[in-house]
Amino acid sequence: MTIHAFQLPAGDGWLHATLTLPPRPQARAAVLICPPLVEERKASQRAMVDGARHLAEAAACVVLRIDYRGCGDSSGMFEATGVGDWRSDTERAADWLRAAFPGLPQIRLGIRAGALLAGTEDTDASAMVIWEPVAGEAFIRQLLQRRMVNDMIAYGRARASRAALDATLKQGGSVDLDGYTVTGAQVAGLAALPLPATRLPGLVILTGADTRVQGVLSEQSPSLECVTHRLAPFWNSVGHVDTQPLAEATSQWIQKHFDTLHAISPV
């Protein structure tokens, strides 16, 4: 297995990218990991790294991980970017992956809010995999709830009411959520993103007890197979949750649906 870290030009900046290659010069598919946002991205780092390595070794996949502009180790400031930028970054990475490994079917793997940015409609993607999906409105609500909880732990009280935070964002202001300056424009853009609706084949792995998500996805994306693996919230606990079951289930699904090995050349 070989791992390359590099900077991928995108828009007016660049994306921090990490490419993981299978140990043999053959691959079933190219997987693009679309990471979560804000603090969930950091908490999911282990899941993404371990998942990329497992897919490369067990499923013979080429795996590309990126940070959107303004996020992680990519260029730009978080508050200066938005949904349009992050979706553009996803397509930029997908184009690079397709050009670097022509002929490989491409699979988008979205984690949490990353599934909302995967942009699988009207693209050349062949399949979609989602780990613990969350709609944009629910994601924002959870961020605000964590803000209130963190305030109670740190200060013994909420520094601002939920209503005050909502008002600030609706008026175009910014609030601190998980250490990130989140703008009203970002919140509006994310809140408008529903759970993915796609005709692509794929796999959805649910880790929590909320069955409403499965019901919505089953109705609007019947081509996605939903399975459940009960885990603690890996997106909210830095490196403390073993996410191997997610990687294994994904690997098995890929091997079942993409059984042809294609020759690849070193990048």
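## The second largest pocket

About 210 Å³ of space lies in the second largest pocket of this predicted model. A pocket here is an open set of points on a 1 Å grid over the protein atoms alone, where a 1.4 Å probe fits, with protein on both sides within 12 Å along at least five of seven lines; lining residues have an atom within 4 Å of a point. Its volume is the space filled by probe spheres set on the points.

Helix 4, helix 5 (162–170) and helix 6 each give at least two residues to this lining. Helices are DSSP runs (H or I, at least four residues), and strands are too (E, at least two), numbered from the N terminus. Among the lining residues are E137, R141, R162 and D166.

## The largest pocket

The largest pocket has a volume of about 430 Å³. Of its 21 lining residues, V134, A138, Q142, D210 and V213 are the closest to the centre. Helix 4 supplies the largest share, five residues.

## Helix 3

Helix 3 covers residues 83–100. Its buried residues (under 20% relative accessible area, 1.4 Å probe, protein chains only) include W86, D89, A93 and W96. Seen down the axis, the buried residues fall within an arc of 160 degrees, so they line one face of the helix. That arc is taken from the directions from the helix axis to the C-beta atoms. On the other side, G84 and A99 are exposed (over 50%).

## Basis

Residues are numbered from 1 along each chain, and side-chain values use heavy atoms, without hydrogens and water. Local features need pLDDT of at least 70, side-chain atom pairs count only at pLDDT 80 or more, and totals for chains, interfaces and linings use all residues.

Notes:
The expected span of a helix is 1.5 Å times one less than its number of residues.
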